[in-house]
Amino acid sequence: MKRRTVVKGALAGTGMLAAPAYLRAQSAKKLSVLTWNIADQAELFKVEFGEFKAAHPGVEIEWLDKKGPDLPAFYQTQIVAGTPPDIVDIQGALWVEYAANGGLVDLTPYLQKEPDVAKRFNPDYLNGWVYKGKTYLLPFYVAKTLLYCNKTMFKEAGLAGPPQSFDELIGFSDKMAKGEKTGFLTLNFDWLYWPLFKMNGVELLSPDGKKAAFNTQATAELLARFAKSTASGGINKIAWTGRWVEPNGAFASGTVGMLHAHSASYFFVKGQGPWINADTLGAAQLPGFWSTPTNHGFAISKGSKNPDLAWEFIKFMTSDKSASAFFKTRSVLTANVAADKEGLASLQKTEPLAAAVLQTQIEHTDKLTGNWPLPYDAGLKDAFWPEIQNAVLGRKEPKQALADAERAVNRLLARKA
Amino acid sequence: MNRYPRWPIHLALVVVSGVMLVPFYWVLKTSVSGENIYAYPPSIVPARIHPFFYVDVWYAIPFARYLMNSVVVSAIAVAGNVVFNAMAGYALTHGFRGKGFVVLLFLTCMMVPFQATIIPAYLITGRLGLLDSWLGLALPQCSTIICIFVFKASFDAVPRSLIDAARIDGLSEWRIIWHVMMPLSKSAIATNVILAFIWSWNNFLWPLIMTRTADMQTLPLGLARFLSYQEDTTGALYAFCIMVLAPGLLLFLMAQKEFMRGLTSGAVKG
Amino acid sequence: MAGVWRVRRQRTRLALLLWCFLAPSLAIFLLYRVIPVIWNLVLSFQYWSPLKPAEPAGLDHYEDLLYDDVFWQALWNTLIVIASAPIGIVLALVLALLVNAEIRGRDAYRTIIFTSYPLMTVAVAIIWRWMFDERVGLLNYAARSLHLIDTPIPFLNSFTWALPCVIVANIWQMLGFYMIILLTGLQNIPHELHEAAAIDGASAAGRFRRITLPLLRPSIFLAFVIGMLNSVTSFDLVYVMTGGGPGRATEILVTYIYKLGFNQTKFDDAAAVTVVFFVLLVATTWGANRFAGGEAGAAETE
């Protein structure tokens, strides 16, 4: 008797616990949006989503936000399960893998129908999201690399202004290196270091993208120079081994002369380094004006059930009004020309140093590099970068390292052919 | 009994305790003072102490909701573990055809790393209709092989005479488990409870993949909120870690008494 | 005659009942371990990506692994991590023996040593990453304050130190856990055995070797297997502490599997690595089982 009631109770309990938290019944239209680690914008998004819902009655918006390393795992699982979020905010080159696998909706037809949308954006940034002639993302927010200068250290070393050439870059670094102080640091994730190579004429791949093209005498000499400067302290070792916190933290401690990073670093460094103000920090372009972008864009998943509505949504989120509001709350460039102009103007009055940093982001956008629309970008990084590390840290001879890297890259490209 | 000096033991244990506690001290210190751990030189004693980070954590995320989710999920996992593992452990104390195969299967199942099972596990849970639910979150953790063997070892130590007497008295196998074995296996139960709780409480990747609605998220997922965009490790982050840690630790403190009691009674029964 | 039939029926009934007891656990493992392994196995012989149909690939993925430097590095690192599991266990055994002694406050010691285990691995990774930090880390600060070194040691940025540092963090987290397992085993050894041996004139060391160790074998085996499994699957720890770097110095198979699958969308390659990893773990456990005397080290005490 007792056992039966226990069993019945257990079954009832199981049933209750198994019920999903949200109603299975589909509302008229539901959009799910997956963003990349911007949970701090909850206030702004609540307002903006409200506006969108007012303009499109009957629509529900589900907002998901995942931190960078978690987002791909979550997104891919959802794709396999057939329930991908309609809109996804993607950082860097990950979008190409999804696009190449047919996971994203081609936005070109939409843009052709509404040419005004494309005109909103800085064309150089927008073109960063073209794969095989098709556009897949609209810009959400963008950043590219620049050169931060520790003016105090420059003065101590008797240097006038930012370096104007690669030789000066190395020379200044070596001059500023003394004891615990080093001259130069760069971030190295996602090809952010590539402008240093590009400015010296190094090409990664042949024009048809089928073979490695970097194994040249010139590159070997370049690596040798890096190695020499790293060994003597001109270039801080963390440039080659650090991720995000170490290089930015090192610069924030005030012991590094120059930091080659993107605009997001400014806010982190400023938080960590109380010495930073307009007199002590300078923002400049790298000599030669090359830079690598780290961008976020909105894409529509192929599995979306409401692609047209999703298009309306990303159009709305990147409109002048929304982009402007986003710029103001996050102090980041949106690639929406009007919003950026307005945002910079107002930032100039409140925080001129931040404005100077962001100003570099809209200059020289024709010289973007390190942003190849290749679906095997991650594999390419894995084949190339470790060997470069070996060379500049003095663990391998540059020629050997380049040969090994070339072999690895060619093998990767051959497999993809 | 043996006369041996106690103080070297105390010394060694104090040193070890120190080593174990130093990182903790730092987590605790930062959580109440909010000092930047990237400041140099590191300060041993915090300058200003205030509990506001704990308050921050409570309001920054829907803490109460996440806490409830975590409690429910862990409760299910612990209950499942105790019941299912005891049953399986008991079965393994008998010899039967295919026992070797089952033991081998269990051992091999331990060798499967979770990261490699994410997608199939998600698809299966979807098929079962358990996505975004408490049961779905708890199910993969409702039985663990290690704990099965803990029960088995404990049951093995119960003298045959007791079991035979129970059988003669007409008790069914099921009742033998609950009325004979379990009362004598308090330490195994305590171990099961502690471990099952800790594993399900701290589980991060599975709830991350499994839950869509914010309402169903468990406590560790709130962590992402504090690992901000710029990886600023702040007092709030450490306060959060302490708050997540507290229940597991409390449970251990409580269950460890049972652990001790169960052991002394076991020695007496001889 | 009827008695024999009754006994046989009872035995079959018993066997059936035992399988019913095993059923819930078996079902969970079937769903969440066995089927995923099979999924990985099948996938490792196909070309597949989430939105495309699968095509047969034969042994292509395994062949790719042979030429994949990262795979070999990760494999090597994983082997090192496996080999480091005994260190933690030996330390834990010493601690268990100490805590098992008749001293006051051993409850407190036991609790303190165990505190590290319930802490979220992500938190452990963050705090240890800070402790090893070259510029502001506690270890460098302490060493320099004590004038042990002049220049800071770049623990996590060094190709030689990074993996040992991760292992240290892992041992720190797991020490209490191993200790509890070994302690349970120690306390299951009847006092009478020790007393009898002491009366017979056996030394403490002799008693340890002849009585304690053999009876502790199942616990040691259990601790080793758990320790090995935990350290090689400590994805969170490696990912947050070093991300696999510098270079690939701390890349272990499980982080490589994750990166292949979710960063490079190459689930089929990840499946091949998973299969290799699985075989490696099974082989290691089997080897440890043999070493511990078979039957999961369970000594026949009857």
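This is a predicted model: local features need pLDDT of at least 70, side-chain atom pairs count only at pLDDT 80 or more; totals for chains, interfaces and linings use all residues.
Colleague: What is the order of the strands in the open sheet of five strands in chain A?
Modeller: Strands are DSSP runs of E with at least two residues, helices are runs of H or I with at least four, and both are numbered from the N terminus. Two strands pair if DSSP finds at least two bridges between them. In this sheet the pairing is mixed, and the order is β2-β1-β3-β11-β6.

Colleague: Why is one side of β2 (59-66) and of β6 (138-141) of chain A left without a neighbour in the sheet?
Modeller: On β6(A), the pairing is with β11(A), in the antiparallel sense and over three bridges, and A:Y141 stands opposite A:H296 there. Both β2 and β6 of chain A stand at the edges, so one side of each is left without a neighbour, as each has a single partner strand.

Colleague: How many residues of strand β3 (residues 87-91) of chain A are buried?
Modeller: A residue is buried if 20 or more other C-beta atoms lie within 10 Å of its own, exposed if 12 or fewer, and partly exposed in between, with C-beta atoms placed from the backbone. Strand β3 of chain A pairs in the parallel sense with strand β1 (residues 29-36) over two bridges, and runs antiparallel to strand β11 (residues 296-300), to which five bridges join it. A:V33 stands opposite A:I87, and A:V88 has A:A299 as its bridge partner in β11(A). Strand β3 of chain A is mostly covered, and the number of buried residues among its five is four.

Colleague: Which residues form the uncovered face of strand β10 (residues 281-284) of chain A?
Modeller: Strand β10 of chain A is joined by four bridges to strand β7 (residues 145-150), and the two run antiparallel, with A:L281 as the bridge partner of A:N150. The covered face of β10 holds A:L281 and A:A283, and the uncovered one holds A:G282 and A:A284.

Colleague: How many Å separate the centres of domain 1 and domain 2 of chain A?
Modeller: The bounds come from an automatic or database domain assignment, which divides chain A into domain 1 (29-143 + 294-349) and domain 2 (145-292 + 376-416). Seven residues of domain 1 are in contact, meaning that C-beta atoms placed from the backbone lie within 7 Å, with five residues of domain 2. Taken over C-alpha atoms, the separation of the two centres is 30 Å.

Colleague: Which residues does C:M179 contact, leaving aside its neighbours within four places in sequence?
Modeller: C:M179 is one of the residues that touch the most other members of the largest nonpolar core. Leaving those sequence neighbours aside, its contacts are C:A92, C:L95, C:A96, C:V99 and C:I113.

Colleague: Is B:D132 buried, partly exposed or exposed, and what count goes with this?
Modeller: B:D132 is found in the loop between α5 (118-127) and α6 (134-138) of chain B, a chain that has 13 helices and zero strands. Within 10 Å there are 19 other C-beta atoms, so B:D132 is partly exposed.

Colleague: Which helix gives the largest share of the side of chain C that touches chain B?
Modeller: The contact takes 66 residues from chain C and 72 residues from chain B. The largest share of the chain C side, 18 residues, comes from helix α1 (residues 2-43) of chain C.

Definitions and conventions
Residues are numbered from 1 along each chain as its sequence is written. Chains are lettered from A and ligands numbered from 1 in the order in which they are written. A nonpolar core is a set of buried Ala, Val, Leu, Ile, Met, Phe, Trp, Tyr and Cys residues joined through C-beta atoms within 7 Å. Two residues are in contact if their C-beta atoms, placed from the backbone, lie within 7 Å.
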